[in-house]
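Hi everyone, thanks for coming.

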Amino acid sequence: MPKSSPCVFPWSSLLLASLATLVVQSVLSSSYSSSSSSAYQRPAAAGGKRPGFMERTLVLLDVNTRSPIRVLNDNFLSLQLDPSIIKDGWLDFLSSKRLVTLARGLSPAFLRFGGKRTDFLQFNNQKNLAKFRGPGPDYYLKNYEDDIVRSDIALDKQKGCKLASHPDIMLELQREKAATTQLVLLKEQLSNIYSNITITARSLDKLYNFADCAGLHLILGLNALHRNPDNSWNTSSTLSLLKYSAGKKYNISWELGNEPNAYRSMVGRAVNSTQLAQDYTKLRTLLQSVRYYHRAHLYGPNAGRPRKNAILLLDGFMRNAGSVVDAVTWQHYYMDGRVNKVEDFLKTRLLDTLTEQITKVTKVVNTHTPGKKVWLGGLGPAWAGGISNLSDTYAAGFLWVNTLGMAAMQGIDVVLRHSFFDYGYTHLVDQHFNPLPDYWFSLVFKRLVGPRVLAVRVAGLQRKPQPGRVIRDKLRIYAHCTSYYNHNYVRGSITIYIINLHRSRKKIKLAGTLRNKTVHQYLLQPYGTDGLRAKHVQLNGEKLLMSDNETFPELKPKTLRAGRTIAMPPMTIGFYVIKNINAYMWKQLEQVFVVGRVLSCHCMKQLLMGNMKPGWVKPPDLSFSPDRLNLGQTWLSVH
């Protein structure tokens, strides 16, 4: 029996569901048979000549609405915070109203607290407010620390979600301190030699308060390099942390270590896959021994880019401890921090590297634990913190949005973006608490894109390939059911997002099931004279700015009349919502009801019982319970 649209829930009325079974079978079969035969045939050129340039740029687009090809986690787009925020002092400002508001805009989501410095975290169960705070200029350090203490005391008096409005002078001093500390952190990263970071009970309180206020679920990374002389994992610090957080009833998930395949180059000590599997098994046992966390989720092993060493470690880990983790995590970064050209972000060969990496990882996972969820546990446009005025501009959005679409198509359950705030130049929010372009892309994605992934069918994307030349798509199209959390659209709507990497405008004609539907356009373009290096974004011509610390701008769509061709400007990203895509099913149901009034009660009862007349096509799994039959009889008596 054909399925109804994947973007809607089943009708509450059992009778409607039974009648829809018959209607959908005939309607969908006729719709798709006609669209497949006519919508995707490229018109032959007159006189046998090759079609002109404008004809080749017209793209016919349809979406298969019969069933989703993937169903993702509701927290598919999630966030990451780097532990360096403890060292540079920004952790103390996570209670900012504006920062919490921006994080809440991307909920529901996971918040992973981890990164390179995960394996240098040391938990200290005390409330000391100044001793472990990091360096700062002597002339203001004492007063600055006193201000932090007073702010913490004020927050402690609040009940529930603890939010603060920090004075401008306090934020300015913090930015100066962070700039100094960032130089130290960058030196550590480039030299691959890291110093320890102490996370106190007070630090954990602030981190959890931020996640809880923003509607994010915290995933806390534990230090896997805290080792005993025999190289086994030392659990003393972790046990103290678990007891403290359990006593505070913090709802936390856990992971152990970060890129274990790189430990030899970082600390001169390797942890092989067998040892890592034993460590994860020990951590699972430890969680089960703490009553509050006996059902807590555990993720790992956070392998690095799937090259030879990382793949070997992942293979051994999955063989020995694949059943211990709730999802398999790995990381991917597109380029190093030395790139300095916008064009680097537009290379289709670079965008396609993610597909190759996903294929490698999923092959290993499915070999040992078929069906296990795979997460992209750390994702950024560049490693080594990125580069200013490049990886934090509009140009980096091509990589980010393409990653979301490609990962969804290939079944990656969750993508964790590194980093939400503070770290380097790959973050979503800058140190003035202003959203950067990738934040606005993420916000529109969250508002419009749901977890059900649909298959896209296109024609006319590429010119005729030349012999010996690889042709790669510069027009990338993805489709999902529209987010259920968006109450502006009824269930049954579809969201299509398109990346145009061409230097010319491209036209997209909706065909098949999408033909003659009303479309809402959300076109995101760079704002200002900086072009692709812009740090501001405009939506349908309107610059996106926060109205105040707690109010987002209204995301106003532009309505395209039914049947109109979508015109994508060069080097832009657009989201398009096709409203109520399966409204035609309701029209067919209305016709069924009209015919039902004419039919005799006897005929309708025969239909409900499944005794079809000659000429009717009986669905193979159509069955009715006595309750459903009574419901049908009641409907007949009323009408």
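Predicted model: local features only at pLDDT ≥ 70, side-chain atom pairs only at ≥ 80, totals over all residues.

A quick reminder before the details: most peptide bonds are trans, and most residues other than glycine have a negative phi.

Let's take the peptide bonds to begin with. Serine 107 and proline 108 are joined by a cis peptide bond, with omega at about 0°. If you want to find proline 108 on the screen, go to the loop between α4, residues 97-104, and β4, residues 109-113.

There is also a cis bond between histidine 418 and serine 419, again with omega of about 0°. Serine 419 sits in the loop that runs between β12 (414-418) and α15 (437-448).

Stay in that part of the chain for a moment, as we now turn to phi. The loop between β12 and α15 also holds phenylalanine 433. Phenylalanine 433 is not a glycine, and yet its phi is positive, about 65°. Is this residue buried or exposed? Phenylalanine 433 has a relative accessible area of 5%, so it counts as buried, the cut-off being under 20%.

My last stop is asparagine 516, in the loop between β16 (506-510) and β17 (519-526). Here too we have a residue other than glycine with a positive phi, this time near 60°. And what is its relative accessible area? For asparagine 516 the value is 54%, so this residue is exposed, as exposed means over 50%.

Definitions and conventions:
Residues numbered from 1 in each chain as written. Heavy atoms only, no water. Helix = DSSP H or I, 4+ residues; strand = E, 2+ residues; numbered from the N terminus. Buried < 20%, exposed > 50% of the residue type's maximum accessible area, 1.4 Å probe, protein only.
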